[in-house]
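I opened the model today to look at strand pairing, core packing and aromatic pairs. My notes follow.

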Amino acid sequence: MSRNAYIVGTGHHVPEHVVTNADMEKIVDTSDEWITTRTGIKERRKVEGSTASSDLVSVAVQNAMEMAGWKPSDVQGIIVGTVTPDYPFPSTAALVADRLKMGNIPAYDFEAGCTAFIYGLIQAKAFIESGIMDRMIVVGVDCLTKITNWDDRGSCILFGDGAGAVAVSSEGPGGRLGGWHWGSDGSLGEHLMQIGGGSKNPASHGTVDRNEHTIFMNGARIFKHAVRAMHDSCMKALEQDGTEKKDVDLLVSHQANLRIIDATARALELEPEQVYINIQKYGNTSAASIPIALDEAYRSDAIRETSTVVLAAFGAGLTWGGMILHW
Ligand code: UT7
């Protein structure tokens, strides 16, 4: 009998500290009006002091395990999508597995920018359907405010911190992982990157002086690509799933810009109430944005027992992806 993979628990965690658009006006030459009309963002969350990705992930994972009814020893593997791990190594996944006493399970980080959570779900689907695992945790987390260029008004107003997690099982009921699509185009990678800190430009006084440990983004170029990539990802995932646009109940997409979400919703011919939006509260939380939105949608009953949900994202790499979930 063929095996399926189901989301049986969701959880998220965001830091308490709120940074409003009025706060941003004190940092760079911007306005609440510009940020709201160009992005849809009203406020975002920011970690303070030495709080790091693993701290947010630990709470998000505990929430997802609680919903699933899992003990830490039930988890057979944990994978964490992030561009802001606690350290280059060891992995944030291994730190969290240890902190939550999950035992000596496989634990690793991977990186696909803001698309990471969808890449993670596709990995989980493969692991579970092939029988490699029965129960695993997929996480998307980023603390982008730790690598934000606070002098760049074109990017610093966008980002916030957060973590989201799902428990994926070979046994339902839950949200079945259905059709998917994923891709990348490294020739466009230069438009969204952290130039310093890797093997090409290792950390040095020079890289710090040149602000190369922060995010460089060509916003307009990314915007153009994003609209196309999100639409393409949705349509290819739907086609692989054998589902038509008219059968979609809810879009839970990467929350990067309200105008990008609106364009995707229009392409899918969805009504406003069929689109889950929380960008006004959190800004762009990168790999965390979809699992945070998914958890909120599930707990607020925007997802019901029979919902068909479309996930779609794009991000650094450049990468993109989509997945269909059937509750
Ligand atoms: O998760 C993936 C990560 N990245 C993204 O998703 C980014 C996708 N891109 C975007 O969301 C949009 O391109 C932005 C929100 C970043 C920018 O919006 P835009 O409509 O593409 O603006 P723009 O970059 O074309 O700039 C328009 C104007 C410029 O002024 P001039 O040259 O027309 O006088 C900018 O200098 O807006 C100016 N501007 C700002 N003004 C006030 C740029 N940032 C700001 C700001 N406040 N924060």
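**Strand E13 and its partners**

I began with strand E8 (residues 175-184), which runs antiparallel to E13 and is joined to E13 by 7 bridges. Strands here are DSSP runs (E) of at least two residues, helices are runs of H or I of at least four, and both are numbered from the N terminus. Two strands pair if DSSP finds at least two bridges between them.

Before going on, I noted that this is a predicted model: local features need pLDDT of at least 70, side-chain atom pairs count only at pLDDT 80 or more, and totals for chains, interfaces and linings use all residues. Residues are numbered from 1 along each chain as its sequence is written, and side-chain values use heavy atoms, with hydrogens and water left out.

I then checked E12 against E13: 8 bridges, antiparallel. Phe314 has Trp320 in E13 as its bridge partner. E12 and E13 form a hairpin with 3 residues between them. Gly317 in the turn has a positive phi of about 145°.

Is E13 enclosed or open? I found 8 of its 8 residues buried, so E13 is largely enclosed by the rest of the structure. Buried means under 20% relative accessible area, exposed over 50%, and partly exposed in between (1.4 Å probe, protein chains only). Thr319, Gly321, Met323 and Leu325 cover one side, and Trp320, Gly322, Ile324 and His326 the other.

**Cores**

I looked up nonpolar cores next (buried Ala, Val, Leu, Ile, Met, Phe, Trp, Tyr and Cys joined through side-chain atoms within 4.5 Å). The largest has 39 residues, and Ile157, Leu192 and Phe314 are among those with the most contacts inside it. Helix H8 (219-241), helix H9 (258-267), strand E12 (308-315) and strand E13 (319-326) each give two or more residues. H8 gives the largest share, 7 residues.

I listed contacts of Phe314 (heavy atoms within 4.5 Å). Leaving aside neighbours within four places in sequence, they include Cys114, Ile222, Met230, His254 and Trp320. A second, separate core of 35 residues includes Ile122 and Val252.

**Aromatic pairs**

Rings of Phe, Tyr and Trp (its six-membered ring) pair if their centres lie within 6.5 Å; planes under 30 degrees apart count as stacked, over 60 as edge-to-face, the rest as tilted. I got 2 pairs. Tyr119 and Trp182 have ring centres 4.9 Å apart and planes at 70°, so this pair is edge-to-face. Tyr119 is buried at 15% relative accessibility, and Trp182 is partly exposed at 38%. Tyr298 and Trp327 form a tilted pair, 5.7 Å centre to centre with 35° between the planes.
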